[in-house]
Each structure stands twice: as structure tokens, then as C-alpha cells.
Amino acid sequence: MATRSINAENAPQSAGGYSQAIEVSETTRRLYISGQIPVTAAGDAPDSFADQAAVVWANIEAQLKAAEMTLDNLVKATIFLSDRQYTMDNRAARQLALGDRKVALTVIIAGIFDENWLLEIEAIAEA
């Protein structure tokens, strides 16, 4: 798989370490990851946003690993936040999880299924 980050000069530039668009070529497989929640395999959900985000990203990595992929295969993430107050915490958690990887990204402020969950993330990966 080859990816190319695209950030058109005549459109707003991204802020916070993501790409406005990702071009993907030379792929043979695509993985759609359903919304991952801040609950561990043991059924535990931490209280803080940072801890919940770490669990969600770990769950995404687990799905990728099960498909014989890694975070390097991630091309798109949609992050649902329970409240706008978590915007900057979300950015920090995403950058911690992804490092220098820049995926296409959408962040939505939304009501989430369980009121104790502060975020949920769905993603697309290609190999």
C-alpha cells in the first residue's frame, strides 16, 4: 500500500496533525472498523478522557492486528466526542496514539450510546 497526504493550497490547512485527504494506491484489502468504545476486553471502562482514549486506540490496534494490519495501515478515522470540552484532550490522545501518522480525520460532537463513554472511534484501514 502506498499513501500520499494531500492538503490543497487553496483550501484551509489542517491543524493538529492530520491530512485533509489521503490518496491510497496499490491496495488489495480494506478494513472497516466499527466504532470502538472505551471498554476493555474485561469489560472495564476508565473514568478519565485520557484513559478512555487510550483504551479506544488500543481496541483499534487490536482489530487491526486481528486483520494482520497495524496503525500504519490506518487511512481514515472518525472520532465521536461526547462534549466539545474534550477537543484538545482528543487531539493530544490521537497524536500520542498515531505519532507521526497523518490520517484523514473527522471529529463529531455527538450523543454517545453510553453516557459514561466520552468518545468512540471508527476507522478505515487499507493494505
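Tutor: What follows concerns helix α1, its crossing with helix α2, and Gln52. This is a predicted model, in which local features need pLDDT of at least 70 and side-chain atom pairs count only at pLDDT 80 or more, while totals for chains, interfaces and linings use all residues. Residues are numbered from 1 along each chain as its sequence is written, and side-chain values use heavy atoms, with hydrogens and water left out.

Helix α1 spans residues 49-66 and helix α2 residues 87-98 (helices are DSSP runs of H or I, at least four residues, numbered from the N terminus). Their axes come within 10 Å and cross at roughly 40° (axes are lines fitted to C-alpha atoms over the stretch in contact, with angles from 0 to 180 degrees between N-to-C directions). The two helices are therefore oblique to each other (under 35 degrees counts as roughly parallel, over 145 as roughly antiparallel, 65 to 115 as roughly perpendicular, and the rest as oblique). On the α1 side, Phe49, Ala53 and Trp57 make the contact (heavy atoms within 4.5 Å); α2 contributes Asp89, Asn90, Ala93, Arg94, Ala97 and Leu98.

Gln52 also lies in α1. Gln52 is buried, with a relative accessible area of 1% (buried means under 20%, exposed over 50%, partly exposed in between, with a 1.4 Å probe and protein chains only). The side chain of Gln52 reaches the backbone oxygen of Pro46 at 2.9 Å and the backbone nitrogen of Leu118 at 2.7 Å. Not counting residues up to four places away in sequence, Gln52 touches Pro38, Pro46, Asp47, Asn116, Trp117, Leu118 and Leu119.

Methods. A polar contact is a pair of N or O atoms within 3.5 Å; within protein, one must be able to donate a hydrogen and the other to accept it, and residues adjacent in sequence count only if both atoms are side-chain atoms.
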